[in-house]
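Let's walk through this fold together, one neighbourhood at a time. Have the viewer open and follow along.

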Amino acid sequence: MRMKNFLTFMLVFFTIGFAAAQDDLLNQLDAQKPTQKEIAPAAFKGLQICNIQSTKLPAKGEWYMVVSHRFGDLTQGLNNFFGFDSADTKIGGIYGVTNWLSLGASRQTYNKTYELTAKYKFANQIESGFPVTIVGYNTMDINSALKTAVYPKLKFTDRLAFSSQLLISRKFSDSFSFEVAPIYVHKNLFYDSFEQKNQYFLGAGARYKLSKRLSVNLDYAARMILIEGFVSPYHNPVSVGLDIETGGHVFQLVVSNSQPMNDVAVFSNATGTWNGGSLYFGFNMYRVF
């Protein structure tokens, strides 16, 4: 009987000791686990700020249908029915190939332009870690309005124009986000002495959240290299917008001094000004599937 009690005591003792040791080992393993880094929420709700691209990308497998519109010159008043008599339209699609890469294509009425795009993420803003999100963006335009009757020696490559952009954003708070964007534009063919083959810009954009579904946006791009004595009829693009978030899409109202919506023309061919010149009202609508 004594031996039985002794064996029972030893079994209970070792069981308790093993359980305690197991708990200590698990606690040590938990303490050694690397803390998972949390990616900060997207700095912008829309794929664009106004005209400039934001650092937001579609998720893998998402399809975005894009419809954008810019009416004619607001400042002409009733003579142009506040821009409704003439407008540029863009329609296209964007597909999230992976969570870090999206590809897009669109057709625009300006110069009957076909625009192909690629957007790819280099880094995410990490909470209590890496301070910014970095995204690359490239476009290739095909100007299908050019005619061989006007340009007898026209080649396909003459129709092409390109932009390369590095988008760097930071979400400073739940309400405020900011982005800077070095931009390079190249045109294989340009129309007049007022244009240049290679142009460089520094863009910037911001978003301020007004409510759960509303935010006000602003973007701007400045030419960085100016030739002495060169006077251009084109101006730095400035745009103001309002984001409206609904069930399946972001609807953006935009007022800009640029009527074209393809990136090359937005940066290099903005004809309006905010101090008494032409202004263009319109919208961007992104519907996700």
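S9 and S10 pair in the antiparallel sense over seven bridges; two strands count as paired if DSSP finds at least two bridges between them. Strands here (E, at least two residues) and helices (H or I, at least four residues) are DSSP runs, numbered from the N terminus. Look for Asn-217, which stands opposite Gly-241 in S10. S10, residues 238-245, is also joined to strand S11 (residues 249-256) by seven bridges, and those two run antiparallel. There, Ile-244 stands opposite Phe-251 in S11.

Before going on, a word on the model: it is predicted, so local features need pLDDT of at least 70 and side-chain atom pairs count only at pLDDT 80 or more, while totals for chains, interfaces and linings use all residues. Residues are numbered from 1 along each chain as its sequence is written, and side-chain values use heavy atoms, with hydrogens and water left out.

Back to S10, which has two faces: Ser-239, Gly-241, Asp-243 and Glu-245 make up the covered one, and Val-238, Val-240, Leu-242 and Ile-244 the uncovered one. Val-240 also belongs to a nonpolar surface patch of about 920 Å², along with residues including Phe-176, Val-180, Leu-214 and Trp-274. Such a patch takes residues with over 30% relative accessible area and no salt bridge, and joins nonpolar side chains (Val, Leu, Ile, Met, Phe, Trp, Tyr) within 5 Å. A salt bridge means a side-chain nitrogen of Lys or Arg within 4 Å of a carboxyl oxygen of Asp or Glu. Areas come from the Shrake-Rupley method with a 1.4 Å probe, and for residues only the protein chains shown count as cover.

Val-180 is found in strand S7.

Now go inside. The largest nonpolar core has 14 residues, and Leu-167, Ile-183, Val-185, Phe-201, Ala-221 and Phe-267 touch the most other members. A core is a set of buried Ala, Val, Leu, Ile, Met, Phe, Trp, Tyr and Cys residues joined through side-chain atoms within 4.5 Å. Leaving aside neighbours within four places in sequence, Phe-267 is in contact (heavy atoms within 4.5 Å) with residues including Ile-52, Gln-165, His-235 and Pro-237.

Zooming out, the protein has two helices and 12 strands, and 41% of its 289 residues count as buried.

Note on methods:
Patch = residues over 30% accessible without salt bridge, like charges linked within 9 Å, V, L, I, M, F, W, Y side chains within 5 Å. Buried < 20%, exposed > 50% of the residue type's maximum accessible area, 1.4 Å probe, protein only.
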